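Welcome! Please have a look at the sequence and the model below, and then we can go through some questions together.

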Amino acid sequence: MNKIIFISNRLPVTVTRTEQGLEYHKSIGGLATGLKSYHEKGDGLWVGWPGIPADDLTDSEKKEIKETLINEYKCVPVFLTQEDIDKYYYGFSNETIWPLFHYFTNMTVYNRDNWEAYVKVNQLFMEAVNAYIDSETMIWVHDYQLMLLPKMIKDEHYETKIGFFLHIPFPSFEIFRLMITRQELLEGVLGSDLIGFHTFDYVRHFLSSTRRILGLENEMNTIYHEERVIKVDVFPMGVDYDWFSRKIDSPEYNAQVKEIEDNLGDDVRMILSIDRLDYTKGIKERIKSYGRLLEKYPEYIGKVRLNLIVAPSRVEVKTYSDLLHEIEILVSEVNGKYGTFSWMPVWFYFQSFPQENLIAFYRHADVLLVTPLRDGMNLVVKEYIAARTDLKGMVVISETTGAASELGETVIVNSNDINAIADGLHTALEMPESEKMDINKVIHKRVQRYTVEFWAEHFIETLQSTEDEIFKTISGVNLLPKVKDLKKDYLNADKRLIFLDYDGTLVGFKSIPIKAKPDKALLEMIKTLVADEKNTVVIISGRDHYTLGEWFDGINVNLIASHGLWLKENGYEWSLKVNMDNAWKETIAPMLDMFSDRMPGSIVEEKDYSLAFHYRQCEPSLVEIKLAEVKEAIGSMIASKNLEIKAGNKVIEIKDASINKGLGADIFLPRGSYDFIMSIGDDKTDEDLFERLPEDAYSIKVGIDDTVANYRLKSHTDVRKLLKALIESDKA
Ligand code: GDG
């Protein structure tokens, strides 16, 4: 098992200052329980905010906190100031992402300042974790506060496996597209190798947004992006079953049980509701529905009680304090309207109970009423089911709660429909014992099996095997185990020919093409390779000759640009390698223009030797229907000409068939008797070159697409490692 680093906004340990000095309290949340065994094992670590603003701390206190957390709790603190917390946590996380992702578009605040703080704090997390990453590390990032972090880590540590789990819903594309920084958030998350959600709906929504906003296709829940394989899947979070189902006999628990039993008496049945204070939880609608139950079915007056437990949360934020006030008013309205001298319909607790006391409530509730307007999963309902080992009670749950997708057997309602919730309550209260037992048997077993530990294990195992699995199922041998042979052949050779593609092979893909400029290390590497007189090195790319010429100016390397149209040999000027007859463009271009008019978003680009039809900006479902039509029409027009249609990434190109990277082989192979030939490329266009090389050449495909190459490497980082190893072996 690799070393695992967990990263979440809050650490599972909170630091507070008391008169006695700094104190450390472990929190026992679901997440901490699920990850506990991995965190405690070997060299597991947890990175996050320790809950105390950095403004209140001296440098020596920070040092002390850092040391204590790492030595005693295996935690690494990220120190945040009050301003960071206000803007990144209360601001962008909770006033922008939280409401929008829960479909509260009218409560979503867009504020640039908060966004900048969000970027900055994600960067602070990156800096905090950076020092702890080595080649063995796996990383699991949690939740909506850290959506930029996976990419920040991946950009620095390409080889590190990164998982991301979103605990809240991922909204449908029509909602997500409203986000001002939608592209940055998606790209941030896509730095991961595995992305997990609670339900299949959230997976669908995420895939639809990456497709429509970034133009990334997906197949079997897999996205291929920047030479990487990204898995997107469902991991419904569970609860600590043993904890909630255990027999308890503590004085606190017994006292709580007694209080509940005394209060209810023999003939009052309990409807229970437990949430953090949040407008997404539908608490107001729930109280109204309970009022409607009493109005519609007056026989319940004096016979039921709603125990409404609301745990304080984010009360510093005005929306939340307003919500509390509205809840208080609604509670008094129902109590005022339906209460009797000896019976109060709603008991409202605005307080946080110890977890054992919650279990006492769970075990006495005839109905658990869980009706969030939106909720990523909702653990309360699973805790209730786990606690009811007697298989009694019943759940009324809204369909917009993630957990509802696993609890189809229970009473499911629409959280906006007050009448339906009242009727749902009536159904649950009147359901025969035997029917409840049958349902509870099934759902109890499910909760018992899919616990929070199981959830964590499933996620981590999937993360560990993601890429390896995919590499096992494709053709072409992984080169890495064979590198020794390759090095030997390289060393023994006197005349070597080396073809190197550029984008995706020597450098990673960049969102802005100009950013793919060669870095210093790459230029040094190429210089060293060409300085060896045994080597003929050819950089062969689809890029235009101006760009390539400028980037490699002053280096004596052979350059082939525009897929073979232009050649620049060591020290000479550019020369055109093919005599072009472009007359065909006059008939094809109008046809492409006509299709472009019918596919809003598409563009036709004219190049030296080709016409390109780009459809990245088109509606994907339109592309599905129309593209085949374009190909068919063009295909029949070019049938008798020396032209071909090449499919690229969201583009088809109609081009002179004699221009392709195979020209590189035609030019250089006849020039000498090479005893070592190697060609490396990641693109479809590199296949023409691979095909023309002798059988004993090393043809190396970068990435996972189909290929005729003999070998594969995973990424441009592996290519650099390989070239470096060849250079060094030669020196040794
Ligand atoms: C987010 C997502 C997703 C409640 N009152 C008290 C108390 N609780 C505990 C419950 C439960 C937890 O708080 C609430 O968890 P939920 O899942 O219901 O909701 P969020 O806090 O909004 O969590 C949610 C979750 O992340 C996990 O991915 O399910 O959809 O919004 O464990 O027992 N705990 C104590 N006293 C209380 O009074 N000690």
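**Getting to know the model**

Tyrosine 502 is buried, with a relative accessible area of 0%; buried means under 20% relative accessible area, exposed over 50%, and partly exposed in between (1.4 Å probe, protein chains only). This is a predicted model, in which local features need pLDDT of at least 70 and side-chain atom pairs count only at pLDDT 80 or more, while totals for chains, interfaces and linings use all residues. Residues are numbered from 1 along each chain as its sequence is written, and side-chain values use heavy atoms, with hydrogens and water left out.

Q: What kind of aromatic pair do tyrosine 502 and phenylalanine 552 form?
A: Rings of Phe, Tyr and Trp (its six-membered ring) pair if their centres lie within 6.5 Å; planes under 30 degrees apart count as stacked, over 60 as edge-to-face and the rest as tilted. Here the centres are 5.9 Å apart and the planes stand at 85 degrees, so the pair is edge-to-face.

Q: Where in the chain do the two partners of this pair sit?
A: Helices (H or I, at least four residues) and strands (E, at least two) are DSSP runs, numbered from the N terminus. The pair links distant parts of the chain, 50 residues apart. Tyrosine 502 is in the loop between strand 19 (496-500) and helix 19 (520-531), and phenylalanine 552 is in the loop between helix 20 (545-551) and strand 21 (558-561).

Q: Is phenylalanine 552 buried or exposed?
A: Its relative accessibility is 2%. With that value, phenylalanine 552 counts as buried.

Q: Which exposed residues does helix 21 carry on the face turned away from its buried side?
A: In helix 21, the buried residues are Lys585, Ile588, Leu592, Phe595 and Ser596. They cover an arc of only 105 degrees around the axis (the arc of the directions from the helix axis to the C-beta atoms), which puts them on the same side of helix 21. The face turned away from that side carries Glu586 and Asp597.

Q: Against which elements do the buried residues of helix 21 pack?
A: Helix 21 covers residues 585-598. Its buried residues pack against strand 24 (603-606), strand 25 (610-614), helix 22 (620-638) and strand 27 (651-656).

Q: What is the distance between the C-alpha atoms of glycine 508 and tyrosine 158?
A: Glycine 508 lies in the loop between strand 19 and helix 19 and is buried, with a relative accessible area of 8%. Along the chain, glycine 508 and tyrosine 158 are 350 residues apart. Their C-alpha atoms are separated by 9.9 Å.

Q: What is the phi of lysine 74?
A: Most residues other than glycine have a negative phi. Lysine 74, in the loop between helix 2 (59-73) and strand 5 (75-77), has a positive value. Its phi is near 55 degrees.

Technical notes: The expected span of a helix is 1.5 Å times one less than its number of residues. Contact means heavy atoms within 4.5 Å.
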